Amino acid sequence: MPPSDYYYTDLFFQIYSKEGSPASSSHEKLLAVGGRYDMLMENAWDNTHKTKPPGAVGVSIALEKFLPNNPSSDVGLPRIENSISVLVCSKGGGGLLNERMELVAELWEANIKAQFVPQEDPSLQEQYEYASDHDIKCLVFITEAGLSQTDLVKVRHLDARKEKDVEKEEIVKFLSEAISLQFKNPTIWS
């Protein structure tokens, strides 16, 4: 997407890191942006000089993507997550905003970092994009039928590619155990 600022001149760039295999759908993370700033230099140049201002190229690097202790880091160093975030999602039911907010509050009370998409009725795609943008790997889905008929929620971990139906009353216990095991123990999914 071209920048709208007037001071960019002809050339601008964005640097992405591509994740996933080439055959599958891959995810890209923005690492840096920049461009030529010749117009900015011309506007700032003192007109008393008889020379033309020098050309300028600038770049902004997302350093947090490279820091090994940062949860959003793309560096392949092993690390222990000190807090795993959960996204509470809805399927149908008009967005179930109140129910999502109540579940997020319940999770926060249990010291589980939880979020929801701040929209009344977000689509599944918007919720998955939000999870991707905020580097959230654990999703908890609530449905109107699940809450009214079976009192079940679905927990899905995107990296582990596992999911499980959990009774709503047991969700704090399940997530606490799963987070302490970093979702890696296969017995939590059976």
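Okay, Glu 126: you'll find it in helix 3, residues 124–133. When I say helix I mean a DSSP run of H or I with at least four residues, and a strand is a run of E with at least two, both numbered from the N terminus. What we have on screen is a predicted model, where local features need pLDDT of at least 70, side-chain atom pairs count only at pLDDT 80 or more, and totals for chains, interfaces and linings use all residues. Residues are numbered from 1 along each chain as its sequence is written, and side-chain values use heavy atoms, with hydrogens and water left out.

Back to Glu 126. Its relative accessible area is 32%, so it's partly exposed. On that scale, buried is under 20% relative accessible area, exposed is over 50%, and partly exposed is in between, using a 1.4 Å probe and protein chains only.

Now, salt bridges. That's a side-chain nitrogen of Lys or Arg within 4 Å of a carboxyl oxygen of Asp or Glu, and the count comes to five. Which residue does Asp 165 bridge to? Lys 154, with the closest N and O atoms 3.1 Å apart. This pair links distant parts of the chain, since Asp 165 is in strand 8 (residues 162–167) and Lys 154 is in strand 7 (residues 152–157), eleven residues apart. Shared partners join Lys 154, Arg 156, Glu 163 and Asp 165 into one network. Within it, Lys 154 also meets Glu 163, at 3.5 Å from N to O.

Last stop, strand 6, residues 138–143. Is it covered or open? Mostly covered: five of its six residues are buried. Two strands pair if DSSP finds at least two bridges between them. Strand 4, residues 86–91, runs parallel to strand 6, with six bridges joining them. Strand 7 pairs with strand 6 in the antiparallel sense, over four bridges. Look at Val 140 in strand 6: it's the bridge partner of Val 88, and in strand 7 its partner is Val 155.
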